[in-house]
Number of protein chains: 2
Amino acid sequence: MIPVVSIVGRSNRGKTTFIEKLIPELTQRGYRLATIKHDVHGFEIDHPGKDSYRHKAAGATISLISSPARLALVSDSDHDLTIDELRQRFIGGVDLILTEGYKRESFPKIEVFRPQGPDDLPLCSLDDQVVAIVTDTPVSLPLPQFPLDDAAVVADFIAARFLKPQSNPTIRLTVGGRNVPLNHFLSRFLRATLISMIGNLKWCDQLESEEIVITVSPKL
Amino acid sequence: MIPVVSIVGRSNRGKTTFIEKLIPELTQRGYRLATIKHDVHGFEIDHPGKDSYRHKAAGATISLISSPARLALVSDSDHDLTIDELRQRFIGGVDLILTEGYKRESFPKIEVFRPQGPDDLPLCSLDDQVVAIVTDTPVSLPLPQFPLDDAAVVADFIAARFLKPQSNPTIRLTVGGRNVPLNHFLSRFLRATLISMIGNLKWCDQLESEEIVITVSPKL
């Protein structure tokens, strides 16, 4: 699964500006990134491409425009999708997902903290998933702290902590969109059984090095 | 798999206008739609949301903005993605995908044909995947023909031909993003084996009525 690091902090503390500096530091180190911005209020949209805008306006749930170099998609949601739902449905081919916001989700967080007064405390004093603070004002908390103007050291921290090469094979099972927890034995058992079941099928000669997705549809 | 119908035709024959009429006819019949517009020349984009635009400009491969009611995504592509790649990676929760363009792909096509002179022939005289013509000028070809101003009959045609309820359980297997063809025996064998393997796990009590996704990551 693609690792997630959330950049969190109170409003107007410079999260977007910091992410703008962090992204090129990570891409220069060879990592491909996806970003997710959480907009709790809804957003206005200047829709990509005149024709796909017309499709959406006419009632399509999802409207996508695709060209050889890029694509854009707009979709209705029936709820505020979680990071995991967004990751599973829309994101592939990257090494890391950086989110702006999502402070209530259970992913590792880096807090951007610029106090605006003596009573302004960092979020991380209440959230043990904050793994580091980026700040212009050192705080007395037992967490790594980095200066706001040095995205390079934060990129190194993220790379060292979250972007180590994965050495164990993994398997993920979802039922009706929910992740089903699998222990070590079950993971290995399911993986080995699947690989032996499908290993002789056409196109299945590289099972060990490629992602396998099996989707079982509901019985109607 | 979500069925695909492509609306094709030469340039400036009214494809977008026809799709705009067709979409509400289908949604009124209870179907949820995704649309894909093929833009071979590339498109200019007014990016959704100021912050996610900044993420993309800073070098993110994928930038997504998500709110409780809708989401928007922009992604770089390293090639002109096929309909099947777009369907697998980005589209779910709909009954039908309508595309505008993609006349070279192997999906059923409906041609919008408005001749602009006596030598202007429909594409479908060269393409046996065209299943109907929508036209203001009847042509002598052995295909269903519908008037350009009557999207309702085309919606009925699509619903009858492509949107019949699926009565068999299905299973889909992809390896490294490629679909692996499974015959009837293998589909049933894999499905039954998986369901018996995971049927006693926590949260797996509704296996027959919910989609199950198993993802096996590469061994690194």
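## Strand pairing across the chains

S11(A) pairs with strand S9 (residues 171–175) of chain B in the antiparallel sense, over five bridges. Within this pairing, A:Thr215 has B:Arg172 of S9(B) as its bridge partner. The model described here is predicted.

Strand S11 (residues 212–216) of chain A is also joined to strand S11 (residues 212–216) of chain B. These two strands run antiparallel and are linked by five bridges. A:Ile214 stands opposite B:Ile214 in S11(B).

## The six-stranded sheet

Which strands make up the open sheet, and in what order? The order is S10(A)-S9(A)-S11(B)-S11(A)-S9(B)-S10(B), with antiparallel pairing. Strand S10 (178–179) of chain A and strand S10 (178–179) of chain B stand at the edges; each has a single partner strand, so one side of each is left without a neighbour in the sheet. In general, strands of a sheet pair through backbone hydrogen bonds, either parallel or antiparallel.

## Extent and make-up of the interface

The contact between the chains involves 102 residues of chain A and 101 residues of chain B. The area buried between chain A and chain B is about 9,600 Å², and carbon and sulfur atoms give 59% of that area. On the chain A side, A:Phe43, A:Arg70 and A:Val216 supply 8% of the area that chain A buries against chain B, more than any other three residues.

Between chain A and chain B, 27 residue pairs are in polar contact, counting pairs with both residues at pLDDT 80 or more. Helix H5 (residues 184–198) of chain A gives the most to the side of chain A that touches chain B, contributing eight residues. Sorted by class, that side of chain A has 51 nonpolar, 29 polar and 22 charged residues.

## Salt bridges

How many salt bridges are counted between chain A and chain B? The count is two. The side chains of A:Arg54 and B:Glu20 meet in a salt bridge, at 2.8 Å from N to O.

Over all chains, the count comes to 18 salt bridges. Within chain A, A:Asp120 forms a salt bridge with A:Arg10, with the closest N and O atoms 3.5 Å apart. A:Asp120 lies in the loop between strand S6 (109–113) and strand S7 (130–135) of chain A, and A:Arg10 in the loop between strand S1 (4–8) and helix H1 (15–28) of chain A, so the pair ties together parts that are 110 residues apart in sequence.

## Confidence of the prediction

Chain A has a mean pLDDT of 86, and 90% of its residues reach 70 or more. For the complex, the predictor gives an ipTM of 0.72 and a pTM of 0.71.

Notes: Residues numbered from 1 in each chain as written. Chains lettered and ligands numbered in written order. Heavy atoms only, no water. Contact = heavy atoms within 4.5 Å. Buried area = accessible area lost by both parts, 1.4 Å probe. Salt bridge = Lys/Arg side-chain N within 4 Å of Asp/Glu carboxyl O. Polar contact = N/O pair within 3.5 Å; in protein donor to acceptor, adjacent residues only side chain to side chain. Helix = DSSP H or I, 4+ residues; strand = E, 2+ residues; numbered from the N terminus. Nonpolar A, V, L, I, M, F, W, Y, C, P; charged D, E, K, R; others polar. Pairing = 2+ DSSP bridges. pLDDT = per-residue confidence, 0-100.
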